[in-house]
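Let's take a walk through a protein model together, one stop at a time. Have the sequence and the 3D view open as you read.

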Amino acid sequence: MTLSLKTPSRNALDARQGVRSRKTFHRRRTIINYLLLAPALLLSIVVVVVPGILTAVASFTDWDGLGFSANFVGTDNFTDIFNDPTFYTALGNNIKWVLLFLTIPVALGLLTASLLLRRKKTRTLYQVIYLMPYVLAPVVNAMVWLSIIYNPHGGVVGYLRDRGMSIEPPLANLDMSIYAVAGVDMWHYWGFLTVIYLGAMRQTPVEQVEAAMVEGANAFQIFRHVYLPNIRATLLLMGVMIVIFSFLAFDYVYLLTQGGPAHSSEVMGTYAYAFAFSSFQFGKAAAVGLIMSFFGLVASFVYTWLSRRDLSK
Amino acid sequence: MNTSSRKFNAISGHVVLVIFALIAILPLALVAINSVKNSADVTEDPLSLPTGFNFQNFIDAWSYGNFGLGFMNSLVLTATTVVVVLVLSSLAGYVLAGKKVRSWPVIMVYFTMAMTVPIQLFLFPLYSGFAQLGLLDNVPAVGVVLAAINMPFGVFMMRTFFLNVPAELEEAAFVDGVNTFQLIRHILFPVVRPGLITVGVIVGLNAWNEFLITSTFLQNSSTKTLTLGFLSMNGTFSTDLGVMMAGAMILIVPVLAIFIALQRYVVDGLASGSVKG
């Protein structure tokens with residue numbers, strides 16, 4: 001009798017303790033999980049978010065970047081920038097950059113990727129070759145083109161000129177400089193798209209391709225009606241990425257022309273950089289940075305929205 | 001389609017692929033042939049094949065570009081970035097893959113936004129802050145900045161790899177009374193090792209090749225990375241093209257060697273589609 005009374009109460013006690021310990025176990029696990037997440041998140045916030053907010057504040061000041069003293073100047077920086085013809089050259093060049101990159105590398109990437117689809121043996125070799133310029137440093141690529149190709153004294157351009165061809169040094173020409181710079185950047189970039197597109201095309205269900213073949217579709221029809229719809233999401237996502245990075249273009253322009261001659265190849269990235277590190281007008285540099293980011297952020301929202309399906313996997 | 005036109009298509013396809021391979025490679029081939037020529041021969045005809053082998057170009061480039069120091073600085077920078085990204089992104093990727101915190105969607109959206117934020121949005125105050133703290137010309141500190149910039153990519157990649165870890169494996173380990181750190185070290189790390197290599201090599205290349213942040217933060221001649229050392233040769237040596245090309249070769253060969261050795265990881269990593277241009 002005593003035994004039977006004792007047993008249920010002990011079970012109840014055990015159960016209660018079990019619930020409590022499971023609760024504390026879960027709470028501890030949650031804390032540990034946040035601790036695991038914290039370093040990556042904190043580092044990103046300290047390096048990206050905090051200075052980003054300061055940029056927004058600084059764009060309304062005459063900050064010189066050297067100390068913490070700055071005067072609030074309202075929207076003067078923005079008025080100055082919007083009254084500066086160079087800003088419109090830079091903006092125009094960024095838009096040209098978007099249009100060039102959305103057409104030429106995308107077309108080359110799609111063409112080569114679709115040709116590589118059925119070449120199982122040589123596929124890897126071609127991808128490695130196409131990626132070579134992509135994995136090299138912008139400094140190296142830019143110096144190679146600057147000194148051995150575009151150089152009128154000793155480069156390929158100089159060689160052709162010596163032999164009577166009337167080509168102008170592309171980087172010194174007001175109308176050509178931006179295209180000459182974009183050409184080098186596209187040369188380094190398009191192979192990346194080949195790899196991306198090929199990776200996406202290979203996800204296409206085999207049955208769809210076989211069905212199209214049975215119905216007698218030719219290679220182009222299969223590409224157009226089977227592969228293209230299947231990689232629509234990738235095409236869109238990469239398109240948005242290209243728009244974002246076209247507004248942020250900096251490396252190749254700065255290395256090849258520094259925005260010259262006579263600002264003809266200026267992009268917003270180099271325009272902002274010159275304000276900060278040539279004339280120490282950090283306030284103005286921040287304002288340009290903010291304007292650039294606006295274009296990038298619009299595209300970035302689109303990107304985040306487009307990739308929401310991947311994120312919720 | 002008859003067989004002859006099919007054959008024609010196959011051949012024209014190969015021709016197109018070869019032409020694009022040449023476009024990718026020819027500028028690099030020009031570097032190779034001119035790196036062993038005398039400067040006068042380069043200027044005379046950059047397209048001709050070398051007649052001799054001028055090794056002096058490489059010796060000159062190595063000393064003028066301060067490549068010994070540059071290699072050391074680039075190694076310290078890259079190692080810092082890679083280690084920080086690998087450790088922090090695998091911890092975060094593990095938590096996010098298992099949806100172990102309720103706010104995981106917000107954090108994913110945050111990293112997606114962070115991946116596309118322009119450097120110019122935070123560069124100027126960050127530079128000023130580094131100057132105040134006396135961290136300019138501090139190579140490991142700049143490596144940490146590059147780690148922060150590469151963090152979203154690392155987190156997404158590592159999360160994808162952790163998604164492949166079966167939940168039962170983890171549960172079984174917990175039943176056996178394994179703690180979190182033992183779990184990560186002995187059970188999760190082996191499974192996600194390919195992910196670590198992929199992130200390591202792509203982030204490593206990014207850090208090794210970086211220009212905007214490094215050129216702004218590392219101005220002292222003793223802290224210049226390899227690429228910045230090479231860049232400083234331009235101007236002084238832009239007339240001595242043989243030496244310039246030898247310098248370019250010294251930078252190109254190790255990167256291409258590592259890329260070819262690890263190409264499987266690079267191609268797979270890039271094909272996952274979450275890399276900056």
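**A buried lysine and its partner**

At 15% relative accessibility, A:Lys284 counts as buried, because buried means under 20%. Keep in mind as we go that this is a predicted model. So who does this lysine pair up with? A:Lys284 forms a salt bridge with A:Asp80, and the closest N and O atoms are 3.3 Å apart. The two partners come from distant parts of the chain: A:Asp80 sits in helix H2 (residues 76–82) of chain A and A:Lys284 in helix H13 (residues 282–306) of chain A, 204 residues apart. A:Asp80 has a relative accessibility of 41%, so it counts as partly exposed. How many salt bridges are there over all chains? The count comes to one.

Is A:Phe301 buried or exposed? Its relative accessibility is 54%, so it counts as exposed. If you want a sense of distance, look for A:Leu108: A:Phe301 and A:Leu108 are 193 residues apart in sequence and 27 Å apart in space, going from C-alpha to C-alpha.

Now for the place where the chains meet. Chain A puts 101 residues into the contact, and chain B puts in 97 residues. Together they bury about 8600 Å², with 77% of that on carbon and sulfur atoms. On the chain A side that touches chain B, the largest share comes from helix H1 (residues 2–58) of chain A, with 19 residues. Sorted by class, that side of chain A has 70 nonpolar, 25 polar and six charged residues. What about salt bridges between chain A and chain B? That count is zero. Polar contacts are another story: ten residue pairs across the interface of chain A and chain B are in polar contact, with both residues at pLDDT 80 or more.

Next up are the rings. A pair of aromatic rings is described by the distance of the centres and the angle of the planes. Searching the whole structure turns up 38 aromatic pairs over all chains. Take A:Phe101 and A:Tyr189, a tilted pair with 5.8 Å from centre to centre and 55° between the planes. This pair links distant parts of the chain, with A:Phe101 in helix H3 (residues 85–116) of chain A and A:Tyr189 in helix H7 (residues 177–201) of chain A, 88 residues apart. Both A:Phe101 and A:Tyr189 are buried.

Another pair is A:Phe277 with B:Phe124: the ring centres are 6.1 Å apart and the planes are at 45°, so the pair is tilted. This one crosses between chains, running from helix H12 (residues 268–277) of chain A to helix H6 (residues 119–132) of chain B. A:Phe277 has a relative accessible area of 19% and is buried. B:Phe124 is buried as well, at 0%. Both rings belong to one aromatic cluster, which also includes A:Trp63, A:Tyr273, B:Tyr127 and B:Phe217.

Our last stop is in chain B. B:Thr80 lies in helix H4 (residues 67–97) of chain B. With a relative accessibility of 16%, B:Thr80 counts as buried. Which residues is B:Thr80 in contact with, leaving aside its neighbours within four places in sequence? They are B:Pro140, B:Gly143 and B:Val144.

Conventions:
Residues numbered from 1 in each chain as written. Chains lettered and ligands numbered in written order. Predicted model: local features only at pLDDT ≥ 70, side-chain atom pairs only at ≥ 80, totals over all residues. Heavy atoms only, no water. Contact = heavy atoms within 4.5 Å. Buried area = accessible area lost by both parts, 1.4 Å probe. Salt bridge = Lys/Arg side-chain N within 4 Å of Asp/Glu carboxyl O. Polar contact = N/O pair within 3.5 Å; in protein donor to acceptor, adjacent residues only side chain to side chain. Helix = DSSP H or I, 4+ residues; strand = E, 2+ residues; numbered from the N terminus. Nonpolar A, V, L, I, M, F, W, Y, C, P; charged D, E, K, R; others polar. Phe/Tyr/Trp six-rings, centres within 6.5 Å; stacked < 30°, edge-to-face > 60°. Buried < 20%, exposed > 50% of the residue type's maximum accessible area, 1.4 Å probe, protein only.
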